[in-house]
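Subject: Structure handover

Hi,

Here is the structure I promised to pass on to you.

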Amino acid sequence: GFKECTSYDDIFTEQVATEFARKGFVVFQIEYRTGRIVDGNGTLTSAQEHLAPYRGILDVRAAAKLILKRNVANTANSNYKKFLIDPDQFFIGGASAGAGIALNVAYLRDQAMVDATFLTDPASTLSISGALDGIDSNNYEALSTDPMPLIRGVFSCWGALRMPAVDPFTEEAAFFKDNVSSPGASPFNAPVISFHGRLDGTNPYLDDASQDFLNSTDPLYNKESFCFYQNGTYQIKTPNTPAGTRQFTKKGSGLTVYNILKDSRINRFTEFYGDCDAKHGLSGDVSPNRYKSDYGTGYITDAAVTSYIAGRIAVFCQRIMNYSNVGHVHPSFRYLKDGTNDARTYFINCKNTRQCSDTSDANTCPPLVEYDINCDPVNL
C-alpha cells in the first residue's frame, strides 16, 4: 500500500520467489520507494496516492532495464554478465501494491498511456512526469536509451491496473490496444494470470463505482510540491462537468483485466482465479472454519495456498516459454472459432469444480453452492 515505516513482512512474495527459483526460474525481488499521505476523508484520492504508484513504475521499469543491461558482458564492470537469463523470456508480477505496479508497468507501456491515467489539473505547474521525471528517464544505472524487456506474461495477486474510467469493456480494451505511440514502446499486451477475492476492500472486485478514483478537492491533499525532480506543484485533476464529478480513472481488478483482455481486438489469453469468500490477500488464519482464501483448494494455511498459486503461475509462464516463434513474440491466445479458422487456445478455458475430497476428473460430488464469475449464486 506504499505506506512508510511499515512493519509488514511480505512472506507471500518471498515464498513465491523461492518456489519459482526451485522450478528453475531466475528471480529478482524488486523493492520500490514508498510514502503516501491519504486524504483525511478516507474515501477520496490524494495527490500522494497518485505519486506513490508512479514512483513504483519508475523504480520497476529501471530495475527491469538494469537486469537486461547487466545480463550482457562488460569488461569494465564486474557486475555484468552474472544472471545468464534469456532476455526474451521475461515475466513480471507481484501482490497487492506490487501487483499494481507490475500491471501498470506491463500495460501502461509509454508516457502517454501513463499520463492518461495519472491526470493533472490545469492549475498544476507540473505534470506528474515533470514532478518525478518520465518513465524512460535516466533512473539508477538504467539510461533512457536502455531498452525495456518484452514482458511475456504478468501475474497479479489481488492487484489493480490503472485505466481511464470508461465503460463498457470494449472502450477500455480500445485504450490498451490503440494507445501506444512512443517509438520503442512494446506493442504487446502480455497474457496475465490473476488471483482476486470477491470481498477485497482495497482493490474492489466488481467493475462498478467502487473501482473509481474519487479525487480529493482539499488543498491539503490534492497537491504536492515536496521531493520532486524540479521545483513546482503537482495537482491532481479536480471536479469538472457534471458538477461534483471526481471519477476520471479507476483501478481495474483481476476480474476487470480478465474481461478486457478477452476483447477480440486484444485477444490475449488471460487466466483468472476468483475466491468468493476472500478479502485482500490471504486469510492468515489456520482455523479450518474461518480460513476464507483457499481459492478452491481446501487448504487452511497461507503457505499451502501460496504454494498452489505459485504452481499455477509457473505452469502459465512455462506454457508461454514453450511457445516458439520468430523473435519470441507473444502467441495469439485465441478462444473461440471465429467462422474463418479454428482458433483454439493453447489453454483450456474451463472451470474447476472439484471441491470435495474426491479429486479425480470423474468427481461426482457437487458443491453446495455454485457461483458464476461475479460470485453470484447459481444452480442452488
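A word on terms before the notes: contact here means heavy atoms within 4.5 Å. Please also keep in mind that this is a predicted model.

Let me start with H2 and H3. Helix H2 covers residues 48–70 and helix H3 covers residues 97–107; the two pack with their axes 9 Å apart, at an angle of about 70 degrees. Angles of 65 to 115 degrees count as roughly perpendicular, so H2 is roughly perpendicular to H3. Their crossing is right-handed. On the H2 side the contact is made by Gly-56, Ile-57, Val-60 and Arg-61, which meet Ile-101, Asn-104 and Val-105 of H3. Sorted by class, the residues of this contact are four nonpolar, two polar and one charged.

Next come H1 and H8. The axes of helix H1 (residues 11–22) and helix H8 (residues 302–322) come within 9 Å and cross at roughly 50 degrees, which makes H1 oblique to H8. This crossing, too, is right-handed. From H1, the residues involved are Phe-12, Gln-15, Val-16, Glu-19 and Phe-20. They meet a set of H8 residues that includes Ala-303, Thr-306, Ile-309, Ala-310, Ile-313 and Cys-317. The contact of H1 with H8 has nine nonpolar residues, three polar and one charged.

Helix H6 spans residues 169–178, and its axis comes within 8 Å of that of H7, crossing at roughly 80 degrees. That makes H6 roughly perpendicular to H7. Here Phe-169, Glu-172, Ala-173 and Phe-176 of H6 meet Thr-256, Asn-259 and Ile-260 of H7. The class count for the contact of H6 with H7 is four nonpolar, two polar and one charged.

How many cavities of 30 Å³ or more does the structure hold? There is one, and the largest cavity has about 30 Å³ of space. Its lining consists of Tyr-107, Leu-161, Phe-176, Val-257, Ile-260 and Leu-261. Helix H7 (residues 254–261) gives the most to this lining, with three residues. Two lining residues, Phe-176 and Ile-260, are also among those in the contact between H6 and H7.

Best wishes

How values were computed. Residues numbered from 1 in each chain as written. Predicted model: local features only at pLDDT ≥ 70, side-chain atom pairs only at ≥ 80, totals over all residues. Heavy atoms only, no water. Axes fitted to C-alpha atoms, helices over the stretch in contact; angles between N-to-C directions. Helix = DSSP H or I, 4+ residues; strand = E, 2+ residues; numbered from the N terminus. Parallel < 35°, antiparallel > 145°, perpendicular 65-115°, else oblique. Left-handed = near helix turned anticlockwise from the far one by under 90°. Nonpolar A, V, L, I, M, F, W, Y, C, P; charged D, E, K, R; others polar. 1 Å grid on protein atoms, 1.4 Å probe; cavity = no way out; pocket = protein on both sides within 12 Å on 5 of 7 lines; lining within 4 Å. Points joined across faces, edges and corners; volume = space filled by probe spheres on them.
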